[in-house]
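Subject: Structure for your review

Dear colleague,

Please find below the structure that I am handing over to you. I would be grateful if you read the notes that follow it with the structure open beside you.

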Amino acid sequence: MIKHRLLVISAITIALFVACSDKYVYNGYVAIPQEQWHADSIASFRIPVSDTVTYYNLYVSVRNTTDYPFQNLYLFIDIAAPNGAIARDTFECYLADDHGKWLGKGRGKYRDNRFTYRQNVRFGTEGEYRVTLQQAMRVEQLKGISDIGFRVELGSNK
């Protein structure tokens with residue numbers, strides 16, 4: 001009975017610690033069907049913004065398989081603001097080192113990576129922002145990407 005209570009209290013304490021220590025305000029993923037990302041396929045994320053004073057860090061999350069045929073992954077990233085302004089970037093993610101060793105966390109077939117896209121940025125307008133990610137690898141069908149994600153965390157207030 002005492003062991004059970006101690007276990008329950010420990011689990012609750014750990015859950016509260018993890019929940020309070022995470023600084024993310026948005027974290028979304030899109031699963032890529034059959035782990036093959038078509039060149040015309042776009043992953044879309046809708047991010048509600050109500051605070052234009054706070055600084056944020058933006059991240060791209062990639063889950064790839066060991067079948068992925070390249071060292072890196074190029075993405076087109078579009079961010080559409082509520083006022084209609086659109087910013088487009090080309091962004092490179094390294095999934096393996098120069099010797100072909102997979103980067104990121106994971107075992108077996110899958111590897112998870114999070115890449116810093118922008119640090120300490122502020123959103124200029126309140127409302128819903130639309131972020132889209134599209135593979136830019138110059139192949140019609142890109143195999144070996146199972147999930148793609150976008151994350152927004154609280155940054156440091158300069």
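**Contacts of D78**

Leaving aside neighbours within four places in sequence, D78 is in contact with I86, A87, R88, R130, V131 and T132. Please note that the model is a predicted one. D78 is found in strand 5, which covers residues 72-80. Is D78 buried or exposed? D78 is buried, because its relative accessible area is 18%, and the cut-off for buried is under 20%. With R88, one of the residues in contact with D78, there is also a polar contact between the side chains, at 2.7 Å.

**Salt bridges**

Side chains of opposite charge can pair when their charged atoms come close. How many salt bridges does a search of the whole structure find? The search finds seven, and several of them are described here.

K109 is partly exposed, its relative accessible area being 36%, whereas E35 counts as buried at 19% relative accessibility.

E128 and R46 form another salt bridge, in which the closest N and O atoms are 3.3 Å apart. Which parts of the chain does this pair tie together? E128 belongs to strand 8 (residues 127-135) and R46 to strand 3 (residues 42-49), so the parts that are tied together are 82 residues apart in sequence. E128 is partly exposed, with a relative accessible area of 45%, and R46 is likewise partly exposed, with 48%.

A further salt bridge is found between the side chains of D112 and R63, at 3.2 Å from N to O. This pair links distant parts of the chain, as D112 is in strand 7 and R63 in strand 4 (residues 56-65), 49 residues apart. D112 has a relative accessible area of 37% and is partly exposed; R63, at 29%, is also partly exposed.

**A network**

Which residues are linked in a network of salt bridges? They are R114, R151 and E153.

With kind regards

Terms used: Residues numbered from 1 in each chain as written. Predicted model: local features only at pLDDT ≥ 70, side-chain atom pairs only at ≥ 80, totals over all residues. Heavy atoms only, no water. Salt bridge = Lys/Arg side-chain N within 4 Å of Asp/Glu carboxyl O. Buried < 20%, exposed > 50% of the residue type's maximum accessible area, 1.4 Å probe, protein only. Helix = DSSP H or I, 4+ residues; strand = E, 2+ residues; numbered from the N terminus. Polar contact = N/O pair within 3.5 Å; in protein donor to acceptor, adjacent residues only side chain to side chain. Contact = heavy atoms within 4.5 Å.
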